[in-house]
Amino acid sequence: MRRTAGLWLLIGLAGYALLPWYMVTGGVLSFGWLGDLSGEGASALLWSLSGRTWLWLPLFGFAGAALVLALKRDQLQTARGLVASGAGGLALMAGQGLVILGHGTRFGLAEGASQPGMGAGALVTAAGLLFILTTGISGLGRGRGDAFITGMVGAIVALVGIFVFYPMAFILVSAFELKGGAGFGISEFFPRFFAPEIWSTACFTGRGYCGAAMNSLILGLSTALGTTLLGLSFALIFTRTAFPAKKFLRVLTILPIITPPFVIGLALILLFGRAGTVTEFFSDMFGWEKTRWLYGIWGVWLAQMLSFTPIAFLVLIGVVEGVSPSMEEASQTLDANRWQTFRYVSLPLMRPGLANAFLLGFIESLADFGNPLVLSGNENFLSTEIYFAIVGTVADPAKAAILSLVLLSLTLTAFLAQRYWLGSKNYATVTGKADAGRHAALNPVLRWTCYLVAIPWAAFTMILYVLIVFGSFVKLWGYDHTLTTEHYKRAFGIVHRNGWHFIGSAWDSYFTTLTIASLAAPLTAAVGLATAYLLVRQKFFGKDAFEFSTMLSFAIPGTVIGVAYVMAFNFPPIELTGTGLILIIVFIFRNMPVGVRGGIAAMSQLDRSLDEASITLGANSATTLRRVILPLMGPAILAALTYSFVRAITSVSAVIFLVSARYNMATSFIVGRVENGEYGIAIAYAAVLIVTMLLAVLALQLVIGRRTLRRADRIEAH
Amino acid sequence: MTKGSVRFDNVTKRFGAVVALKPLSLDIAPGTLVTLLGPSGCGKTTTLRLIAGLEAPTDGRILIGGEDVTHLSATYRAVSMVFQSYALFPHMTVAENVAYGLTVKRVPRAEARERAETGLEMVGLKGFGERLPSELSGGQQQRVAVARAIVLEPEVLLLDEPLSNLDAKLRRQVREEIRQIQQTLGLTAVYVTHDQEEAMAVSDRIIVMKNAEIAQEGTPGDLYDRPNSAFIADFIGDANLIDVEVTASGKETEIELLDHRLRVPLSGVSSGPAKMVLRPHQLRLSREPGPVTLPAEVGYAAYLGNSVQYTLNTPAGQVFAIMPPTANPFRQGDNLHLGFDKEDIRLVPA
Ligand SMILES: Nc1ncnc2c1ncn2[C@@H]1O[C@H](COP(=O)(O)OP(=O)(O)OP(=O)(O)O)[C@@H](O)[C@H]1O
Ligand SMILES: [Mg+2]
């Protein structure tokens, strides 16, 4: 404990005394600040000496820690001292940041002072103080006395606090804003929260439209149920049958997840809309009436089924694979037939996977923004309502905030229901008692059910994508079907004149998107899986609250997050708008819950005695994580990396608020083209993105591969 | 205290409302094999995990090799554990599994490989190094787990029901191997089991636990010969427990058994109701009455080749007896007389 604390003391002090405290132009990695050490590049130490006396404050934390380390010998006293110093230092540091802003001060303190947003020096200083605090906590015997564990918990709590709760506080405050700028109060909150326009059930009684929350709820449940069943069918086909075209199916199940938003909706409209190809066909051939059935809840549902089934599949495949064959064999030797084996053994063991897939589908559906935007017709959904409350003709942040709370209460309920259903049963199936053996094949009825459900869906997906490619090569889909490569030339043109020039209009956003996605993906996976590890394997105070807070960012629709980030990070102490960093951060915290859920599902299948064996063999938690857990979590890591990479490229809702001229993202570029009616370029760009992501995903699968627990993953012959 | 000793100082463990260990103190001498024995749920595994550092005590101190390790994490304790489920890493070969503890301690590769090889040889698995755990039988996996634990040359080796997944023959063989390795290496070993025969066979000392506390501890002989309670008498070896009344105590003890009054060479027994302990093979059966005999009717007789087992109905309750086979065995329904030696009698509180 003493050594770890001492190390963080030195690191923190170095950050305080050597690195530039504030944000520097060009970023800290450009090292331009080295030439301006007394000005913009000055450290907190220099600033304190030259008049910004409030910057002395963090130093109290370090001084306290140094005194404790020098004077106290007793373990418990040292630990308490470190906790006090770390916490005190952090509080002082946060205090000065929240009080003294760029344009003045809050609460009438330190009048006249001002400062820019915190930078690298502040980051390192804060990290030093935080880890002194967590090391102290481990010294108190928490987290089994393991500083690595408490440090990890501390870091994740701090990050979630700053990048989820802090911005959400801005949104929450505005939920209590009174109409007409009359200040804040609770009087208008409840009537607005329970307003009929949100909760109305009129569509059931046939007397009008349902409220936005009702629509979202129905949609969410249907989508979650549908995607879970479809995902399970696919997972079963992959692991329990000898289906001949598995590779091809696999690609098809990945396609929708790597499709930028609007594209599926757009393709559906171009097929089934009033002027769509299929609609026209049936109207010409059979004289069927052209209807607007696609615009409304079932159109959105169709689009969501196409978009989100792969997520359920990715969650379920790891779980279905993980069910130990010996348990299925045990059941069969107990004279259960294949159906009984599946029904009473395999299926219950897959419960955590099913519950997670369902929860993900539900939350994804509620927070989805792209599909309802294009397909909702006259019906309202929460996520789009929030968007319009903010960007609509009459901006109403209070309404947006209240709708967000409604959304949150729905997702929260789903989350608690899932916890209740799973209970505290143990689902470990990789027990460390190695087993050979084969997965039981499905019984024929089930097998054909899976085929019948999954194959038409796959075929439909395939047709849709062939059409998207087709659409990118014609002048104007639906009207002028002359073949052309015009769209690609305009977006991705390259000329060779004194070297290569990327003159296409899309290149800029394309490179930005790829860079940001490649940076965000490993970070997201790391944060997500680390959280999962803590949740499944460690015991610590406030674990439930911790779990809930890490899931929270997922339940908040992107639009809300985007607005919240703009409100919170547009001025000191943390000033990030306009940087690429804010995009990376928003992706990490939006997508991390998927890593968490996938990680939890995968890790609850690894018997705890595996980690414990490693620990008693002298490995520390970090080594155990690296050498035992991670290698056994191949599929979960793959899922997390894939998902976060792809989501960073395809997500639109939060991004739209956070892009800047310098850091424009592919999706916001596409939205711009769609708004201008340039469908050709939009679809061409989407096609290029799809191919890019496909290559990346395949590369990831090759690199990470699958775990080899059994020499051969055989499937029983029929 | 020296290397390898284990000491609990009033250690308590609670899981929420469940008390898994009541304040417990124990001392384990270096180089001995001590067994924790007791019925399911009595806290054996919990005690073992506390020694390993996988659980932190709610209260009290734990010392290993004389050093206070109460707050030391499992990683840094010189303790290895063999898990009931083996906990072999399924993605590593047998050799990698055995060398794991060495590689995480940064022992040079070549040396680690060599020591792993030696470890595998010790458990009789030379040449199995390149296989995956899934390609071994249960008994072989068990031995890999033992090899993995001993190559680290731990001060204390912990084994949690290491044989429960093996068949009876293999059990005897592996437990002898474990005992031999423990003695060769001079390790301190703490061995959890709920099989009293296994415990008697391998242990230097046995700690019997019941309801989250120690019921009695001692050498196998002590426990068998001087049980301090009906529970121990019955748990360690079979015993007939017969209600008696202690009428006088002192240097010798006088007891009343039905209409007999006996003076037995036991001291320090308090007066009042008690239970008399008699082992099945300490009983005699004959057709003739003796000085101290009880009438007994044969309720059931089982011929086992090298012995005959009788269930007898007596005025003092049902009694179980084991006799050497005779040319003319007793039969069900025979009316006999049951005799015993006063010296064999042990008394435990009722
Ligand atoms: N993590 C836990 N949470 C709650 N209670 C627990 C936990 N671990 C053990 N217990 C309880 O503590 C008591 C002792 O458990 P322990 O595992 O030590 O028993 P044991 O003697 O090893 O039994 P067995 O022979 O069945 O393995 C039991 O009542 C058990 O239910
Ligand atoms: Mg146990």
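Hi everyone, let me start with two terms: strands here are DSSP runs of E with at least two residues, numbered from the N terminus, and two strands pair if DSSP finds at least two bridges between them. This is a predicted model, where local features need pLDDT of at least 70, side-chain atom pairs count only at pLDDT 80 or more, and totals for chains, interfaces and linings use all residues. Residues are numbered from 1 along each chain as its sequence is written, chains are lettered from A and ligands numbered from 1 in the order in which they are written, and side-chain values use heavy atoms, leaving out hydrogens and water.

Let's look at β11(B), residues 240-248. On one side, three bridges connect β11(B) antiparallel to β12(B), residues 253-257, and V246(B) has I255(B) as its bridge partner there. The two strands make a hairpin with four residues between them, and G250(B) in that turn shows a positive phi of about 155°.

Now to β14(B), residues 272-278, which pairs with β11(B) through seven bridges, again antiparallel. Within that pairing, I242(B) is bridged to M276(B), while L241(B) stands opposite V277(B).

So how does the open sheet run? Its five strands follow the order β13-β12-β11-β14-β20 in chain B, with antiparallel pairing. The edges are β13(B), 260-264, and β20(B), 346-349, each pairing on one side only. Thanks, everyone!
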